[in-house]
Amino acid sequence: MFSKLLVANRGEIAVRIIRACQELGIRTVAVYSEADARALHTLLADEAHLIGPPSPVESYLHAERLIEVALKTGCEAVHPGYGFLAENAAFAETVRAAGLTFVGPPAEAIRLMGDKVAARARMAQADVPVVPGYEGEGDVDEFLAAARALGYPVLVKAAGGGGGRGMRVVAREADLPAALDTARREARNAFGSDRVYLEKYVDRPRHIEFQVLADHHGHVVHLFERECSVQRRHQKIIEESPSPVLDEELRRHMGAAAVAAARAVGYVNAGTVEFLVDAERRFYFLEMNTRLQVEHPVTELVVGVDLVKAQLAIAAGEPLPFTQAELSQRGHAIECRIYAEDPARGFLPATGRVVRAVEPVGPWVRVDAGITTGDTITHYYDPMIAKLIVWGEHRDDALRRMAWALDQYIIMGVTTNITFLRDVVRHPAFQRGDITTDFVERYFVGWRPPDTSVPDEVLIAAALAEQADTPPAVRANHGDSGERAGDPFSPWNVADGFRPGRV
Ligand code: MV4
């Protein structure tokens with residue numbers, strides 16, 4: 001195993017990686033921008049190095065600077081987390097060229113899966129079902145002929161896109177030429193390539209993805225599925241495992257397809273194969289994410305595998321410690337993503353100081369947070385600040401636990417989507433598991449947060465209590481039945497005595 005590793009990321013995922021390393025006895029080196037000098041990941045790592053100003057291009061995306069830090073601190077490996085450079089094939093190559101281990105897949109797999117047209121072709125070769133489509137190099141007339149054969153509506157997608165970026169639904173033949181022009185123009189600007197392709201539009205699909213792990217010894221397994229259909233503008237909000245719609249047979253077929261997909265690209269390390277599942281429960285390969293994903297904890301809780309530790313073991317050359325037959329799903333896990341955003345103002349990102357953060361704690365409740373009380377949330381980085389993950393024996397147990405945990409979660413000083421999530425997990429359609437990718441638009445347009453304004457009397461009472469700063473024991477002596485009450489020797493009964501944690 002490695003003895004020292006560079007964490008090339010920030011926020012909750014950097015914290016997650018550092019914790020795994022701490023357990024494994026791997027020393028960690030954090031990198032941080034000027035905006036993150038007192039961030040959790042900076043404080044938790046064994047060493048932290050300033051890499052530049054807040055702007056990501058000058059810090060977390062600055063490959064040479066990251067590698068320079070890794071080399072000068074004596075790291076052997078680099079974990080990219082997700083986002084930033086995680087799916088940058090050139091970065092993976094540069095890391096390896098510097099003699100370091102990249103905790104992720106081979107650059108060729110990243111590159112191939114990054115090209116959506118090449119990925120579709122490779123999947124079709126490997127008998128992984130893809131959405132019927134046309135990836136031609138042809139002119140408008142050929143696109144028109146292909147679309148007519150597919151039947152409308154069709155989707156125009158950018159070969160260099162993914163994650164829903166540069167996608168366009170075309171309902172009628174008359175709209176296709178203009179849609180192709182716009183899509184090409186946008187793709188050229190966004191991805192540097194104007195190559196586009198067509199897919200038959202799958203109406204109201206479910207998004208179900210399979211976690212895979214592959215080692216350097218030819219073993220490939222899947223760790224079952226995650227259902228990620230609750231999204232808003234291609235941002236996932238809630239993920240769960242198992243999916244409420246898969247049965248054993250479909251799960252087995254999709255799992256086999258996910259393993260075949262990974263094998264077909266020579267995949268190594270942790271990856272995710274995304275599928276669309278239509279109303280007739282047919283499934284189609286969508287894309288492969290060549291990284292650890294935000295929603296990995298739901299798999300960890302249901303399958304009992306620490307995916308970050310698995311990534312590190314694989315990168316260190318160890319064989320997978322389990323076979324497919326040894327893996328199973330137990331119970332149900334749900335993840336809610338906590339965003340610093342204002343759901344009452346079109347989900348506009350929110351910034352400011354976290355005056356107080358109180359995380360729910362309890363059996364089968366997990367919080368992966370990148371922030372804590374006192375932190376400042378800026379507009380430089382992703383607004384996702386924490387993830388709340390719960391496990392239950394059955395889906396309804398997990399749902400109840402999630403509703404409870406959301407009620408307990410307090411973040412003051414910065415607006416978050418917690419109030420929104422509380423309503424989503426209690427929604428009858430969500431409770432039924434009736435979730436397709438249009439769930440939020442269908443049920444939550446015009447959603448308003450509940451009125452949480454506090455009466456003036458309560459604010460005055462709180463202010464007076466704060467000012468009086470009454471020690472707890474003195475309160476306990478006024479009628480409470482606490483053990484300290486009436487104990488003449490208890491230090492808590494000395495009204496002006498020392499109190500731990502009080503300056
Ligand atoms: C589709 C589709 C319907 N038909 N492809 C969006 C993300 C990107 N990975 C692909 N996406 C879609 N591709 C066909 N042929 C619908 C979506 C889609 C979607 C997919 C997964 C999760 C949420 C979504 C929300 C809107 C559209």
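Which residue in β5 stands opposite Ala 77? Thr 101 takes that place.

This is a predicted model, in which local features need pLDDT of at least 70, side-chain atom pairs count only at pLDDT 80 or more, and totals for chains, interfaces and linings use all residues. Residues are numbered from 1 along each chain as its sequence is written, and side-chain values use heavy atoms, with hydrogens and water left out.

**View 1. An open sheet of 5 parallel strands.** The strand order is β3-β2-β1-β4-β5. Strands are DSSP runs of E, at least two residues; helices are runs of H or I, at least four; both are numbered from the N terminus. Strands pair if DSSP finds at least two bridges between them. β3 (47-52) and β5 (101-102) stand at the edges. Each has a single partner strand, so one side of each lacks a neighbour in the sheet. β4 (residues 77-79) runs parallel to β5, joined by 2 bridges.

**View 2. Helices α1 and α3 on the sheet.** Helix α1 (residues 11-24) touches β1 (4-7), β2 (27-33) and β4 (contact: heavy atoms within 4.5 Å). The direction of α1 makes about 170° with that of β1. Angles run from 0 to 180 degrees between N-to-C directions; axes are lines fitted to C-alpha atoms, for helices over the stretch in contact. Helix α3 (residues 63-72) touches β1, β2, β3 and β4. Its direction makes about 150° with that of β3.

**View 3. Thr 416 in a loop.** The loop lies between β23 (410-412) and α13 (418-426). Thr 416 counts as buried because its relative accessibility is 9% (buried: under 20% relative accessible area, 1.4 Å probe, protein chains only). Its side chain reaches the backbone nitrogen of Ile 418 at 3.2 Å. Not counting residues up to four places away in sequence, Thr 416 touches residues including Ile 338, Tyr 339 and Ile 411.

Terms used
Buried < 20%, exposed > 50% of the residue type's maximum accessible area, 1.4 Å probe, protein only. Polar contact = N/O pair within 3.5 Å; in protein donor to acceptor, adjacent residues only side chain to side chain.
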